[in-house]
Amino acid sequence: MAEFDQELDACGLNCPLPILRAKKALSGMDSGKVLQIIATDPGSVKDFEAFSKQTGNALLDSNEDGEKFYFRIQKK
């Protein structure tokens, strides 16, 4: 998996908390930086796709590893 600048552990949190925490983390980051989010909520896959479209932050990739979902979002 590629590099990232900051990591957010949203494991055990259900919608909309992973999105809200990611939004807060991204707000404190510089443009172009990459946030990796780890979540366990299966709904977060569609949530982060919608979030990136709505905010203009690029969803670089999303992966599933067992019960965990990994997302990398680049701040616009």
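## Exercises on a predicted protein chain

The accessible surface of the protein chain comes to about 4,600 Å², and 47% of this area belongs to carbon and sulfur atoms. The model is predicted, and the values below are computed from it.

**Exercise 1.** Work out which pattern of helices and strands the protein chain follows along the sequence.

*Solution.* Begin by counting the elements, which gives two helices and four strands in the protein chain.

**Exercise 2.** Find out whether the radius of gyration of the protein chain agrees or disagrees with that of a compact globule.

*Solution.* Start from the 76 residues, for which a compact globule would have a radius of gyration near 11 Å. Next take the value for the protein chain, which is 11 Å, so the two agree. For the extent along the principal axes, the C-alpha trace spans about 30 × 25 × 20 Å. Finally, turn to burial, where a residue counts as buried when its relative accessible area is under 20%; such residues make up 36% of the 76 in the protein chain.

**Exercise 3.** Determine how many disulfides the protein chain has.

*Solution.* Recall that a disulfide is a covalent bond between the sulfur atoms of two cysteines. The step of reasoning needs a cut-off, namely that the two sulfur atoms lie within 2.5 Å. By this rule the count is zero. For C11, the nearest cysteine sulfur is that of C15, 16 Å away, and C11 is in no disulfide. C15 is likewise in no disulfide.

Key:
Residues numbered from 1 in each chain as written. Predicted model: local features only at pLDDT ≥ 70, side-chain atom pairs only at ≥ 80, totals over all residues. Heavy atoms only, no water. Rg over C-alpha atoms; globule rule 2.2 N^0.38 Å. Buried < 20%, exposed > 50% of the residue type's maximum accessible area, 1.4 Å probe, protein only. Areas by Shrake-Rupley, 256 points an atom, 1.4 Å probe, with all protein chains shown as cover.
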